[in-house]
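Please look over the sequence and the structure shown here before reading on.

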Amino acid sequence: MASVTLYHNPRCSKSRAALALLEERGVEVEVVRYLDTPMDEAGLRDLLRRLGRPAAELVRRGEAEYKAAGLGPASDEEQLVAALAAHPKLMERPVAVLGERAVIGRPPENVLELLS
């Protein structure tokens, strides 16, 4: 099996739990600390394609940066992708990727879907 890429925030309990679940199963994990190495807009669009979800489902609306960026329920896909690129803290975490599939690890057990 190829390694799972985990977009990870070590300060997040859900992200730590997802990493532990993968490691407990002997899965090789490539950890990407997305706050230290943010994705650009093209990378985010590719991630959204793999998730099969709109950008609105990848955005953390409770963060101060959400309102500061002028985002709201009427924000379109382009605005959200641009905000995610400019403010990586807005990205829901963790996100696990294996090949052409990706899942948001909320709850952390979602990352196990990639293994089946």
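How close do the axes of helix H2 and helix H4 come, and at what angle do they cross?

## The model

This is a predicted model, in which local features need pLDDT of at least 70 and side-chain atom pairs count only at pLDDT 80 or more, while totals for chains, interfaces and linings use all residues. Residues are numbered from 1 along each chain as its sequence is written, and side-chain values use heavy atoms, with hydrogens and water left out.

## Helices H2 and H4

The axes of H2 (residues 41-51) and H4 (residues 77-86) come within 9 Å and cross at roughly 120 degrees; axes are lines fitted to C-alpha atoms, for helices over the stretch in contact, and angles run from 0 to 180 degrees between N-to-C directions. Helices (H or I, at least four residues) and strands (E, at least two) are DSSP runs, numbered from the N terminus.

On the H2 side, Glu41, Leu44, Arg45 and Leu48 meet Glu77, Glu78, Val81, Ala82, Leu84 and Ala85 of H4, where contact means heavy atoms within 4.5 Å. The residues of this contact divide into six nonpolar, no polar and four charged; Ala, Val, Leu, Ile, Met, Phe, Trp, Tyr, Cys and Pro count as nonpolar, Asp, Glu, Lys and Arg as charged, and the others, Gly among them, as polar.

## Helix H1 and its buried face

Helix H1 covers residues 13-24, and its twelve residues should span 16 Å at 1.5 Å a residue, which agrees with end C-alpha atoms that are 16 Å apart; the expected span is 1.5 Å times one less than the number of residues. Ser15, Ala18, Leu19, Leu21 and Leu22 of H1 are buried (under 20% relative accessible area, with exposed over 50% and partly exposed in between, for a 1.4 Å probe and protein chains only). Seen down the axis of H1, these buried residues fall within an arc of 160 degrees, so they line one face of the helix; the arc is that of the directions from the helix axis to the C-beta atoms.

Strand S1 (4-8) and strand S2 (29-33) are included in what covers the buried residues of H1. Ser15 has 0% relative accessibility, and, leaving aside neighbours within four places in sequence, Ser15 is in contact with Leu6, Tyr7, His8, Asn9, Arg93 and Pro94. H1 is followed by Gly26, whose phi is positive, near 75 degrees.

## Ala56 in a loop

Ala56 is found in the loop between H2 and helix H3 (64-68), and is partly exposed, with a relative accessible area of 30%. Not counting residues up to four places away in sequence, Ala56 touches Arg61 and Leu80. The C-alpha atoms of Ala56 and Leu80 are separated by 6.9 Å, although these residues are 24 residues apart along the chain.
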